[in-house]
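Thanks for coming. I will walk through one structure, so please have a look at it before I go on.

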Amino acid sequence: MGLFDKLTGTKRPADGVAPRSAAEVHAALLGLNRPDVPYAIRDGREEGADLVAEWRVLDPAWQTFFVRTQVSRVFQVRMRLVPEKNEVRSLDQQYEVSWAGDTPSLALAADAQRGQVQTVSKRWTLGGGEDGDSEATETFNFDSSELKDPLQDAVLGAGWTWRGVISGKL
């Protein structure tokens, strides 16, 4: 892996993994959709992509989770399948979440990031420890890799390259 690959987040499949068809890769990515995960993969034609993976902030079944955690930023991964190169090109877009009571609304953040985004958020609560000293307890942990890792694993497992795009066309 070269320096540019590290900067873009590009990953290649293990040696000897035979590339599958574009239809199989598409199906493998959509197969990650399950009711017990906080993200969804959907058609991305409206965004100029083949598929889009994003947090389920607006999904009523997951809204209580996101209301409780009050996330301030979410992101989506836009993917384009390139069958002639056996690669999935990915571009991240980060959004700001505004909360009005228990209702979220998405808006492009003033400092929106486009390219390859790595987001880690943690929330801690201070309280008294057993020995009487102050103690911090982690009450919330959000890591964008919880969304991207399953996508990358599905692509690499199908013998395709995951190519991160920093700028330009997906």
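**Surface, core and charge pairs**

Leu-3, Phe-4, Leu-7 and Ile-166 make a nonpolar surface patch of about 450 Å². A patch here takes residues with over 30% relative accessible area and no salt bridge, joining like charges within 9 Å and nonpolar side chains (Val, Leu, Ile, Met, Phe, Trp, Tyr) within 5 Å. Areas come from the Shrake-Rupley method with a 1.4 Å probe, and for residues only the protein chains shown count as cover.

This is a predicted model, in which local features need pLDDT of at least 70 and side-chain atom pairs count only at pLDDT 80 or more, while totals for chains, interfaces and linings use all residues. Residues are numbered from 1 along each chain as its sequence is written, and side-chain values use heavy atoms, with hydrogens and water left out.

Phe-4 belongs to helix 1 (residues 3-8); helices (H or I, at least four residues) and strands (E, at least two) are DSSP runs, numbered from the N terminus. Phe-4 is exposed, at 57% relative accessibility. Buried means under 20% relative accessible area, exposed over 50%, and partly exposed in between (1.4 Å probe, protein chains only).

Now the inside. The largest nonpolar core has 23 residues, and Leu-29, Ile-41 and Val-77 are among those with the most contacts inside it. Such a core is a set of buried Ala, Val, Leu, Ile, Met, Phe, Trp, Tyr and Cys residues joined through side-chain atoms within 4.5 Å. Elements giving two or more residues to this core include helix 2 (22-30), strand 3 (73-82) and helix 4 (145-157). Which strand gives the largest share of this core? Strand 3 does, with five residues.

On to charges. There are seven salt bridges, each a side-chain nitrogen of Lys or Arg within 4 Å of a carboxyl oxygen of Asp or Glu. Lys-148 and Asp-92 form one of them (2.7 Å, N to O). Because Lys-148 lies in helix 4 and Asp-92 in strand 4, this pair ties together parts that are 56 residues apart in sequence. Are these two side chains buried or exposed? Lys-148 is buried at 7% relative accessibility, and Asp-92 is buried at 0%.

Asp-50 and Arg-80 form another salt bridge (3.2 Å, N to O). Asp-50 sits in the loop between strand 1 and strand 2 and Arg-80 in strand 3, so the parts tied together are 30 residues apart in sequence. Asp-50 is partly exposed, with a relative accessible area of 23%, and Arg-80 is partly exposed, with 27%.
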